[in-house]
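Here is a short briefing to read with the model open beside you. Please take a look at the sequence and the structure before going on.

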Amino acid sequence: MSKLLIVESPSKAKTLKKYLGKDFEVLASYGHVRDLIPKTGAVDTENDFAMKYEVIDRNSKHVDAIAKAVKTADAIYLATDPDREGEAISWHIAEILKSKKLIKDKLLKRVVFHEITKNAVQNAIDDPRDISMPLVNAQQARRALDYLVGFNLSPLLWKKIRRGLSAGRVQSPALRLIVERELEIEAFKSQEYWTIHLESLKHQHAFDARLVQLDGQKVEQFTITNHDQQQEIVGKLLLASAGKTTVTRVEKKQRSRSPAAPFTTSTLQQESVRKLGFTTSRTMRVAQQLYEGIDIGSGTTGLITYMRTDSFSLAAEAVMQIRDYIKKNFAADYLPKSPIMYKTKAKNAQEAHEAIRPTDISRTPASLHAFLTPEQFNLYEMIWKRALACQMTQAKFDAVSVDLAIGTEANLFRATGQTLVFPGFIAVYMEGVDDEEEEGESKLPHLETGEVLAVQKIFGDQHFTEPPPRYSEASLVKALEEYGIGRPSTYASIISTLQDREYVLLDKKRFTPTDVGRVVNKFLTEHFTRYVDYGFTANLENELDDIAEGEREWIPVLNEFWQGFNNQIIEKSNVERPGVEVLDEACPKCGKPLHSRLGRFGKFIGCSGYPECDYIRNTSSTAAPSSEPVVIGQDTESGKDILLLSGPYGPYLQIGLPEEDSKKKPKRVSIPKEIAPANLDLEIARKLIALPRDLGQHPETGKKVVANIGRFGPYVNHDGKFKSIPKSDSVFDIDMNRAVELLAQANSGPAPIRELGAHPTSEGTIAIYSGRYGPYVQHGEIRATLSKSQEPESVTMEEALELLAAKAAKEAPAKGKKTPAKKPAAAKKTTASKTATTAKKAPTKKPAARKTAGKKSSSE
């Protein structure tokens, strides 16, 4: 009997093929096989939300391979991932096969396994089931909702703000979180406060106590608010003490701390951001590799359970295996008397899923070190330690609290300390924290009530309240989970989308909203309040969970959403364009009111009398000037104004405006990206205008070497060869020796950031390089740029092959068309002539700006 097993990823297919043997053919769908047609009407709101699907181009060849294999198979097993997305992919594959009339009387079943081990896979195949339509419908409803929001709200943003913007059902509330936090930080007013401390010692053991009661009144945070007040109190206490303090209370308690639950998707993402410095998307990519299987010498084996889960539960066999490992490798008091059970908090958690754990706890990180990449090892070690620690005994601490009186008991200082008595689970793993200091361990000397100690020092310590911290990836994921925005499997894509759309920037591992992000958020919160409301978004997620559980029908849920949303779209189609704010400030040139506006490059302040008055100034370090010139100062050589302007490729400097009768163009120089126009001063402007710098003659060729800034940034040039100047060097300071070194690198070709290895089916290696437009993967002559959310160090061979295949297909001539040898040159010539004609006809300024804006939008 011929059997066909269909999975999502090719690496998983390889692993399963080894487990299942020659009776099975195993093929990969390479993820989703169908999606909604990218046009208006893909979800027919007039006909019960009928959804129009088409096969995804890049996966059509994989669909064809599956269809071909089905023809000769007697039984088809759909083994896509064990979640709603996986269930939907299985359904789409089944629908495609049915439409091709390939199923007929063949066995078609769904199989689900949460770990890729031989036993788990065999058990799943022995116990197959039908496709779960409630799960499929929940995924279809989610896709329809995302489409309806995106295809109806995004065009409104294009019309009212700027082309190329997008709004999303879960992306927009996530943006709101980041913007609201930034507004909170900006509105924050720092307050001064003081704490009063007493320093004493016993048997050379110094310790610190803090004032908690003054004249019988409790000391609060803002009891002491300035230097003079604290000085008066410190003086009063010093006099009252006469150099002595009395111990009035000693309280000892034993505290314990329990281990954290095993990882869910959310907690794994948070912890890998904190401890490993990974992004959420990198975490999920590496976890996928560990789940799908690594060759560990004895064959390819799945090392962890499925990584998309919101359940804390562990299989009974896994718990017993972990307990057995603890028993064999730790002292008896590290093993609790009975297994520790963790209750899943999420209402919607699928208890059939497990938390993320190693498939076999006996596979220690050390034993796998030789088979894993550094990032795979680090993530596996963290998962392994967390799973082991979750079944270990509590950590025990001795906590001591001591009160010390000055003068009378009306003035009390308090000292606290704790000592770790028994480490328990801490011997293996300690959970990280966000934005707060972990409670430190300190030890107090042995003290008795009534004991009198010498006062070493009484002093005040100044503090200022601080604004709430900006979100990190870890704290944002935590907030998304707490608010019920999206689901753990979508957090990485939510964060990537916000960055790709340039709504937020990740600076020093913290998110700040861009000017565009602020304007989009303001528009949505003012006009579509309900749809960026945290409660509404969470409730909609709960309704999708109800559909998955079979408790609700999906069409009524969509209908209820669409009626309100569609009415809102119609109602808001005529609202005024946002982004213009009248300031309480007069123009220094003409006296008219100033406006704050959103331009192509961010916010700027301009005169309301434009174009008659051309006053303008930047308000953001990320902003570029408008197309109107800004005078920076005078050029010392020519005596003309140095002007700051905006061009198609970014801001630039120019010496004076062109003279009417002169054919000579004014000198121009681009501003490097690392110099924000808002921070541009006359000294830097003069250095830029002085470019290019003649560095002298090349020691080998005797030809001139020049340092300059071009369209793609700073570079050195020698004999027609160009080499970019890295960020670690400055175009203003680079010398001949360094220039020669860089030019030598240019001659030898760029060094790869990372080599992935030999191409599996053809000659040559696949490597990742750094380019002008960002990192790219290359094999032979084919180069494919990585997306903003893809990190060079995390790209797998499978992902690289997919990118290269897509690029090759895009560049190849259309199928079935024979292209004459001279045709491309002719086509190129025609295009060039068209471009030249367009350029000839175009007016000089404003149309060019519009054209550039259009280009930028389309790439966002």
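The notes below go from the whole chain to single residues.

This is a predicted model, in which local features need pLDDT of at least 70 and side-chain atom pairs count only at pLDDT 80 or more, while totals for chains, interfaces and linings use all residues. Residues are numbered from 1 along each chain as its sequence is written, and side-chain values use heavy atoms, with hydrogens and water left out.

**The chain as a whole**

- The protein chain holds 22 helices and 35 strands; helices (H or I, at least four residues) and strands (E, at least two) are DSSP runs, numbered from the N terminus.
- Of the 860 residues in the protein chain, 48% are buried; buried means under 20% relative accessible area, exposed means over 50%, and partly exposed is in between, with a 1.4 Å probe and protein chains only.
- If you take the contacts (heavy atoms within 4.5 Å) between residues at least 6 apart in sequence, 65% of them join residues at least 24 apart.

**Strand E1 and its partners**

- Strand E1 (residues 3-7) is largely enclosed by the rest of the structure, because four of its five residues are buried.
- On one pairing, E1 runs parallel to strand E7 (residues 75-78), with four bridges joining them; two strands pair if DSSP finds at least two bridges between them.
- Within that pairing, Leu4 stands opposite Ile76 in E7.
- E1 also pairs with strand E2 (residues 24-28), in the parallel sense and over five bridges.
- Here Ile6 has Leu27 in E2 as its bridge partner.
- From E1 the chain crosses through helix H1 (residues 10-20) to E2, and this β-α-β crossover is right-handed: with the strands pointing away from the viewer, the path from the first strand over the helix to the second runs clockwise.

**Ser90 in helix H3**

- Ser90 sits in helix H3 (residues 84-99).
- Ser90 counts as buried because its relative accessible area is 0%.
- A polar contact of 2.5 Å links the side chains of Ser90 and Thr80; the term covers a pair of N or O atoms within 3.5 Å where, within protein, one must be able to donate a hydrogen and the other to accept it, and residues adjacent in sequence count only if both atoms are side-chain atoms.
- Setting aside neighbours within four places in sequence, Ser90 is in contact with Leu78, Thr80, Arg110 and Ile131.

**Cavities**

- Searching the whole structure turns up four cavities of 30 Å³ or more; a cavity is a set of points, on a 1 Å grid over the protein atoms alone, where a 1.4 Å probe fits but cannot get out.
- The largest cavity has a volume of about 90 Å³, a volume being the space filled by probe spheres set on the points, which are joined across faces, edges and corners.
- The lining of the largest cavity has 13 residues, and Val149, Gly168, Arg169, Tyr531 and Val532 are those nearest its centre; lining residues have an atom within 4 Å of a point.
- Helix H5 (133-160), helix H16 (534-548) and helix H17 (554-572) are the elements that give two or more residues to this lining.
- H16 supplies the largest share of the lining, three residues.

- Glu502 is in the loop between helix H14 (491-500) and strand E18 (504-507).
- Glu502 is partly exposed, because its relative accessibility is 30%.
- Glu502 and Gly517 are 15 residues apart along the chain, and their C-alpha atoms are separated by 7.3 Å.
- E18 pairs with strand E19 (residues 510-513) in the antiparallel sense, over four bridges.
- Leu505 has Thr512 in E19 as its bridge partner.
- Two residues lie between the strands in the hairpin of E18 and E19, where Lys508 takes a positive phi near 55°.

**Backbone details in other loops**

- His203, in the loop between strand E9 (192-202) and strand E10 (205-214), has a positive phi near 50° without being a glycine.
- His203 counts as exposed because its relative accessibility is 71%.
- Asp719 lies in the loop between strand E30 (713-718) and strand E31 (721-724), with a positive phi of about 55° although it is not a glycine.
- Asp719 is partly exposed, at 44% relative accessibility.
- The peptide bond from Leu691 to Pro692 is cis, with omega near 0°, and Pro692 belongs to the loop between helix H18 (682-689) and strand E28 (693-697).

Terms used: On a 1 Å grid over the protein atoms alone, a cavity is a set of points where a 1.4 Å probe fits but cannot get out, and a pocket is an open set with protein on both sides within 12 Å along at least five of seven lines; lining residues have an atom within 4 Å of a point.
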